[in-house]
Amino acid sequence: MSDQNSRSDNALGAKQLRAAERKESAILLALTMPAIIVVALVIIVPVGWLFSLSFLDGSGQLSLVNYQKMIEYKSYMRVFKTTFNVSFLTTFLCILIGYPLAYFLSQMPRKYVGLFMLTVLLPFWTSLLVRTYAWLVMLQRNGLINNFAIDLGIWDTPVKLAHNLNGTLIGMVHIMLPFLVLPLYAAMQRIDRNTLQAAANLGATPVQTFWQVFVPLSLPGVVAGSLIVFVLCLGFYVTPAVLGGGKVIMVSMQITAILEDQFNWGAASALGVVLLVATFAVLLLASRFLKLDSVMFGRH
Amino acid sequence: MVFDRPASLSISVTELTKSYGNVFALSSVSIDVKAGEFLTLLGPSGSGKTTLLMAIAGFNRPDSGRICFGDTDVTLMPPHKREVGMVFQSYALFPHMSVFENVAFPLKLRKIAAQEKYEKVTEALKTVQLSDFAERHIDQLSGGQRQRVALARAFVFGPKILLMDEPLSALDKKLREEMQIELKQLHRKLGVTTVYVTHDQREALTMSDRIAVINDGEVAQVGTPRDIYNTPANSFVASFIGESSFIPLERDAKGGLVYRGTKIAAAPTSQSAKTYSLVVRPERLSLVPPKAKPLAGKLYFDGIITELVYQGENALVMLKMADNLTLTARMNTRAGDDVDSLVEGQQLTLSIDKNDIITIPDEAA
C-alpha cells in the first residue's frame with residue numbers, strides 16, 4: 001500500500017494537482033458561506049427559539065406543561081381536527097377544479113396559453129386580504145351570488161355562504177388554485193406527446209388514452225401541487241379568520257388568540273411546534289408512498 | 001409460434017397532398033406497397049417522408065388523396081382503429097409501466113384473456129431477446145433495449161402493417177448495424193408489410209425490398225436497392241444515395257452522348273433534357289499503371305491528386321482533371337495494390353468500365 005502511495009506521490013505533477021484541487025474546494029466553501037449563514041440566521045435560529053420557548057412554563061421554568069394542556073383540553077384537539085379537515089377538503093376541491101383547468105391549458109395552442117394563464121395568475125398577484133374581503137362581499141346573505149342564484153331560480157331562499165365552512169372553503173380554494181395548477185400544468189407539458197400517439201396507434205380510444213396514459217403520467221404533478229396546497233393550508237390564517245365567521249378555527253388562529261388573550265408565548269410556541277411536526281409527518285408519509293424525490297426535485 | 005401469421009395487407013397511397021400554410025409537405029404522392037414488402041421511405045430531413053408515414057398511421061389528415069389498406073379506404077379512419085403497429089423515433093414507451101405491461105398494453109385494450117396475453121407477450125419478448133427483462137422498468141433499460149421493447153409492443157397484437165419512424169437513429173453505429181440485420185430477420189419471420197422511414201441511405205440499402213426516395217414532398221424514384229444505386233433516375237437520387245462525381249457530357253452530330261471524343265451512349269429518346277451528365281461512383285474506378293495500353297471497354301480520366309485520405313478499409317483519392325472537374329475515387333487498400341505508393345500532387349490515370357457508367361439528364365436549373 002505504501003508502495004502505491006509513494007508511487008502516486010512521485011507521479012508527474014501529482015502533488016501540485018492535489019493541492020490545486022484542495023484550494024478549489026476551499027474557495028467553493030468560502031463562496032457558499034454567506035448563504036449558509038443567512039439560512040442559519042433566518043431559519044435555524046428562529047425555529048430553535050420557538051422550540052425552546054415551547055418548553056418553558058409561565059414563570060420561565062423548564063416544563064412540559066404546554067404540551068400537557070394540548071392533550072388535556074379537547075378544544076386543542078378540535079382545532080387540529082378542523083385544520084386538517086379544512087386543508088384536506090381545500091386540496092381535494094383544488095384537484096377537482098384544477099385538473100381540468102390544467103388539462104385545458106396543456107391542450108390549447110401555445111400562443112393562447114399566456115392569455116388563459118393570466119386568468120390563473122391575476123388573482124395570484126392580487127393581495128390576499130383584498131381577495132378575501134371581496135369574497136366576503138360576494139358571499140353575503142344579500143350578496144352578489146345569492147341574489148344572482150335566486151334571480152336565476154337556482155335556489156329560492158338565501159344560502160349561508162359566508163361566516164362558515166362554505167365561505168372558508170370557497171375563499172381558500174380560490175387562493176390555493178394557482179399553487180396546484182402551475183406545477184400540474186408543468187408536469188402535463190412534460191408528458192411526451194408521442195406516448196399519447198403510441199397509445200392511439202396500439203388501439204386505445206381517446207378516452208382510454210386519457211385514463212390509461214395521460215392521467216398516470218400527470219400524477220407526479222398532482223402530487224406535487226396537492227402537497228404544496230395542503231402544507232400551505234395547514235398554516236392559513238387570513239381567509240378562515242375573515243370568511244369563517246369564528247366558526248372555523250384553525251391552528252394559526254388559535255395561536256393568535258392565545259397570544260392576544262393570555263400573552264402566553266410558551267403555549268403559542270408549543271402549538272407552532274406541533275403544527276410544524278405534523279407538517280413534516282405529512283411530507284414524510286407522502287415521500288414513503290409517492291417517490292417524492294422525483295416529484296419535488298425533478299429526479300428520475 | 002403463438003403469433004397468428006398475419007395475412008399482411010398492401011398499402012396504396014394515391015395522390016396524397018398535405019400542406020402546412022403554403023408549404024407543401026407532400027404534393028400528390030402515390031406509392032403502392034405490396035403485401036409483405038419491406039419498403040423504405042428515404043429522404044433528407046424535411047422531405048416529407050415522416051409526414052407520409054404519419055398520414056398512413058392516421059396522425060395527420062391529408063388535404064387530398066386517398067390511403068387504402070388492402071381494399072379498405074382508411075383515409076378518414078381514426079388512428080386507433082387502423083390496426084397498424086408503429087415504432088416511434090423516440091420509442092414513446094409508457095414510463096409508468098414495466099416492460100411486460102408496455103408490451104401487454106395493446107392486448108389489454110383488445111381484452112385478450114390473461115393466459116393468452118401472457119403467452120403472446122412472452123413470445124414477443126423472446127423474439128426481441130428481452131425475455132429476462134419483463135419486470136424491468138423502462139428507465140432501467142439501455143437505448144437498444146428500449147428500442148426492442150418498442151418493437152415488441154408494435155407487433156405483439158399481430159398488425160398486418162408495421163410502420164417505423166427512424167427507429168435506429170438514437171443508437172450508436174455498431175448497435176445500429178446489428179439492429180438493421182435483426183429487423184430484417186424479424187420482417188422475414190413475421191411477413192408483415194413494413195414501411196420504414198430513414199434518412200440514412202446505407203440503412204435503406206441494407207434493409208429494403210424496395211426504396212422510395214422522397215425529395216421536396218415528391219417521390220423521386222421507387223425501386224430495388226440495386227435499381228436505385230445503379231440506375232438513379234435523376235441527379236438528386238444519384239447524389240443522395242452513394243457518392244458520385246458528376247461530369248458533363250457533350251453531344252455529337254447525331255445527338256449521341258460523348259465524353260472527350262469517346263462515345264458513351266446513343267441519342268437519348270426522351271427530349272425533356274438538353275444536357276446530360278456522367279455519374280461516376282468512386283468505388284468503380286481503378287488505378288491505371290503508367291504506360292498501360294488503353295482498352296476499348298474502358299473510359300480514362302487523367303488528373304493530379306489533390307487529396308489523399310487513408311480511411312482503413314479504403315483510401316479516398318481526389319483527382320483534379322484538366323477541365324477543373326474533381327473526381328472522387330475509393331481505392332482498395334489491399335497489400336500489393338499501388339495505393340500506398342501514391343502521393344499528393346502526382347499525375348494519375350483512373351479508369352472505369354463502360355458498363356459501370358451511369359448517364360442522367362441534368363435538371364433544368
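The bend at a residue is the angle between axes fitted to the seven residues ending there and the seven starting there. Helices (H or I, at least four residues) and strands (E, at least two) are DSSP runs, numbered from the N terminus. This is a predicted model, in which local features need pLDDT of at least 70 and side-chain atom pairs count only at pLDDT 80 or more, while totals for chains, interfaces and linings use all residues. Residues are numbered from 1 along each chain as its sequence is written, and chains are lettered from A and ligands numbered from 1 in the order in which they are written.

Start with helix H2 of chain A, residues 14–54. A kink of about 40° sits at A:Met33. Of the 41 residues of H2(A), one is buried (20 or more other C-beta atoms within 10 Å of its own, C-beta atoms being placed from the backbone; exposed means 12 or fewer, partly exposed in between). H2(A) therefore lies largely in the open.

Now the domains of chain A. Their bounds come from an automatic or database domain assignment. Domain 1 of chain A covers 2–54, and domain 2 covers 67–297. Their C-alpha centres lie 41 Å apart. Four residues of domain 1 of chain A and six of domain 2 of chain A make the contact (C-beta atoms, placed from the backbone, within 7 Å). The domain 1 side has three nonpolar residues, one polar and no charged. Here Ala, Val, Leu, Ile, Met, Phe, Trp, Tyr, Cys and Pro count as nonpolar, Asp, Glu, Lys and Arg as charged, and the others, Gly among them, as polar.

Turn to chain B. Eight helices and 21 strands make up its secondary structure. Its C-alpha atoms fill a box of roughly 80 × 50 × 35 Å along the principal axes. Of its 365 residues, 36% are buried. Take the contacts in chain B between residues at least 6 apart in sequence: 66% join residues at least 24 apart.

Chain B also has an assignment with domain 1 (11–239) and domain 2 (243–361). The C-alpha centres of these domains lie 38 Å apart. Domain 1 of chain B gives six residues to the contact, and domain 2 of chain B gives seven. On the domain 1 side, two are nonpolar, four polar and none charged.

Last, the two chains together. Chain A brings 16 residues to the contact and chain B brings 18. On the chain A side, helices H9 (193–201) and H10 (206–234) are the elements that give two or more residues. H9(A) gives the most, with six. By class, the chain A side has seven nonpolar, eight polar and one charged.

Note on methods
Two residues are in contact if their C-beta atoms, placed from the backbone, lie within 7 Å.
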